[in-house]
Amino acid sequence: MPAFQAAPAPRFALGYGVVLALFATSPVWLGTVGLYQYLALEVLIWSLYALGYNLLLGYGGLPSFGHGAFFGVGAYAAGLALKQPDVGLVAGMLAAIGVAAGFGAFVAAFISHRRGIYYALMTIAFGQLAWFVSIMWHSVTGGEDGLLNVPRPPLDLGFIQVSLTSHAALFYFALTLFAVIAWALWYLIDTPFGRVLGAVKQNEIRAAYCGHNVWLVKFTVFVLSCAIAGLAGGLFALAQQSAYPNVMSLNNSGYVVMMVLIGGGLVSFWGPVIGAVFFIVARDLLGAYTETWLLWYGLLFMAVVLFKPEGIAGMIQQLRDRLRRRDVIQ
Amino acid sequence: MPLLEAHRLHKRFGQQIVLDDVSFAVETGELVGIIGPNGAGKTTFFNVLTGRYRPERGEVFFDGRDITGASAMHIARNGISRSFQLMNLFDSYSALDNVIVAMRPLINRAFRMTGQVRRDSALQARAAQLLSDVGLAGKEHAVAKGLAYGDRRCLEIAVALAPEPRLLFLDEPTAGMGAQGARRLTALIEQLRQRTTIVVIEHDMPFLFRIADRISVIQWGQVIAQGTPAELRADPWVARSNLGAVVA
C-alpha cells in the first residue's frame with residue numbers, strides 16, 4: 001500500500017504578512033495616494049468586524065442580516081463603560097466584547113434551530129429590535145443623539161502608559177487587536193471546532209447522524225462572531241468618540257454582508273478584508289463625486305452577486321490559476 | 001438480550017399508516033437484511049430507529065436502553081450509525097475530511113478550539129486506513145462531490161463507520177450501481193460484518209440472500225415474514241408473493 005500523503009498545508013503566512021505590512025505602513029503612504037489616517041482606522045475596524053462576520057457566514061453558512069446590532073451593542077457598551085470614572089481602556093473593550101457576546105447568546109438561543117431564510121429573517125428582527133431600543137431608551141443610550149464625548153483613555157501596559165488620543169496611536173492599537181484576532185480565526189478553522197463547523201455548514205442532517213450537537217455548534221459560532229463584532233464596535237466608539245443608533249440600522253448590517261460577499265469571503269479567508277477596504281475607499285472616492293454613491297455601489301454589488309459570486313478574492317484566485325496554467329503549458 | 005429490539009412500532013403520516021405494529025430484533029454480530037417493495041416502509045423503519053421520526057406507538061431498545069423518540073444525535077452517540085439511500089456527504093470536504101469529522105475524537109471534542117486537525121497525524125492515519133478499508137486508498141484528498149458514483153457510495157459507508165458504531169444501518173448500499181460496483185460493495189459488506197453488527201435494506205435480493213444471517217420481509221408496513229434465507233425460501237407467503245421467483 002502506498003504511504004498516505006498528508007494534504008499540503010494551506011498558506012496563511014504570506015497573506016497575513018502582506019495585510020499586516022500594508023496596514024502597518026499605511027501612515028507613511030496613505031497621504032501620498034490622497035487618503036488620510038482616519039480612513040485606515042475605519043478600514044481596520046470594519047475588517048475586524050467583517051472577518052468575525054465571515055466566521056458565521058463563510059465558514060458556518062449562517063446568514064445573519066442583523067449583525068450591526070452586535071457591533072452597535074459593543075459600541076454602546078464600550079461608550080457607557082468608558083464614560084464611568086476609573087474605567088480603563090481594557091475594561092472598556094472587555095465590556096464591549098462581553099455585552100455583545102451576551103446579547104449574541106440571547107439571540108442565538110432563539111435562532112440556532114433555524115437555517116436559511118428563517119435564520120436570516122430572525123436575525124433581521126433582532127437587529128431591528130436592538131436598533132429600536134437604542135433610539136427609545138433615552139436615559140441610557142442618549143436616544144437619537146447617542147452617547148457623546150466618549151473618552152479615549154490611555155493604554156496602560158503596567159510599565160508605561162500609551163496615549164491613544166491621536167488617530168495614528170489608536171490605529172496601531174486596533175492593528176494589534178486585528179493581528180491577534182485574524183490569526184486566532186485562521187487557527188480556529190483547523191481546530192476540531194472549525195472542522196465540525198464546516199461539516200454543519202455543508203450538511204446539518206449528516207452531522208447530527210454522526211453524533212454532533214448541531215444546535216450548540218451554531219449557537220457557539222454565533223456568540224463568537226458577536227464577540228468580535230462587539231470588539232469592533234468598541235473600537236468604533238473609541239474612533240468616533242461616540243456611539244449612535246445608526247450603527248445598528250439595517251443599512252449598517254447590510255454593509256458588512258456586502259463587504260464579505262464583494263470581497264469574496266465565501267472562497268477566501270482574506271476576502272472580508274479586501275471587501276472592507278473596497279467598501280470604505282469606494283465610499284470616500286465615490287462619495288466625493290455624488291451623494292448617491294450607494295446606488296452605484298449597490299449596482300456593483302448586484303453585478304458581483306449575479307456574475308461573480310466568488311467576489312474579488314475569487315477573481316484574484318482565478319487569475320492566479322490561469323497564470324499558473326500558462327506557465328505549465330509554456 | 002438482543003442488541004436492538006423494536007417492539008410494535010407504529011408510524012403514520014396523516015391518514016397513511018406507514019408502519020403497522022412492526023417488531024424486530026437484532027443480535028450482536030448478526031447481519032440482518034430487510035427487503036420489500038418500494039413504498040413498503042423500509043426507509044421509514046430506518047428513520048424511526050435512527051431518530052429521524054418519532055413513532056406514534058411502540059418502543060425501541062438499544063442494548064437494554066430505551067431510545068424511543070430520541071434525537072438522531074443521541075442515538076448516534078449511543079453507538080448506532082447509518083448510511084443514506086440518497087447520498088449524504090460533506091460535499092466540499094475531501095474524502096479524508098469527511099471521515100475525520102465523523103470520527104470519535106471529533107465528536108467527543110467538537111468544541112475544542114485548540115489543536116490543529118491538520119497536524120494530528122495519528123488521526124489522519126486512522127482516517128486514511130478507514131478509507132483504504134472501503135477501497136478508497138489514494139483518493140484521500142479528492143473532494144467528495146468530485147468522486148465517481150461508486151466511490152461516493154463507499155465513502156458514504158466509510159463516514160457511517162467512522163464513529164465505530166456498534167450497530168450499522170445501511171440503506172440500499174448498492175442502489176444505482178452496476179453489477180461490478182455491486183460486487184465491490186458485497187465484498188465490502190462481507191468484510192464489515194467482522195467489525196460490527198449490520199442491518200441492511202436492499203432491493204437486490206440474491207445479494208441479500210447470499211450474505212444475510214436473517215431477513216425480514218416488509219410489505220404494507222408490516223413484517224410479513226422473517227427468518228434465515230433457507231426458511232424464507234420454504235415460506236409459502238414468500239413463495240406466493242412477487243419475491244418468490246427471485247428467492248427460489
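Modeller: Two residues are counted as in contact if their C-beta atoms, placed from the backbone, lie within 7 Å. With that cut-off, and looking at contacts in chain B between residues at least 6 apart in sequence, 65% join residues at least 24 apart. Please keep in mind throughout that this is a predicted model.

Chain B holds 11 helices and 10 strands. Its radius of gyration is 18 Å, close to the 18 Å that the globule rule gives for 248 residues, so chain B is as compact as a globular protein of that length. Along the principal axes, the C-alpha trace of chain B spans about 60 × 40 × 35 Å, and buried residues make up 45% of the 248 residues in this chain.

Now to the strands themselves, starting with a hairpin. Strand 1 of chain B, which covers residues 4-13, pairs with strand 2 of chain B, residues 16-26, in the antiparallel sense, and seven bridges join them. If you want a place to look in this pairing, find B:Ala6, which stands opposite B:Phe24 in strand 2 of chain B. Between the two strands of the hairpin there are two residues, and in this hairpin B:Gly14 takes a positive phi near 60 degrees.

The next thing to look at is an open sheet in chain B, which is built from six strands in the order 6-7-8-3-9-10, with mixed pairing. At its edges are strand 6 (80-82) and strand 10 (222-227) of chain B, each of which pairs on one side only. From one strand to the next, the twist of this sheet averages 20 degrees. Within that order, strand 3 stands beside strand 9, and strand 3 (residues 31-35) of chain B pairs with strand 9 (residues 214-219) of chain B in the parallel sense over four bridges.

Chain A has 14 helices and two strands, and buried residues make up 47% of its 330 residues. Among contacts in chain A between residues at least 6 apart in sequence, 74% join residues at least 24 apart.

Note on methods: Residues numbered from 1 in each chain as written. Chains lettered and ligands numbered in written order. Predicted model: local features only at pLDDT ≥ 70, side-chain atom pairs only at ≥ 80, totals over all residues. Buried ≥ 20, exposed ≤ 12 C-beta atoms within 10 Å, placed from the backbone. Pairing = 2+ DSSP bridges. Rg over C-alpha atoms; globule rule 2.2 N^0.38 Å. Axes fitted to C-alpha atoms, helices over the stretch in contact; angles between N-to-C directions.
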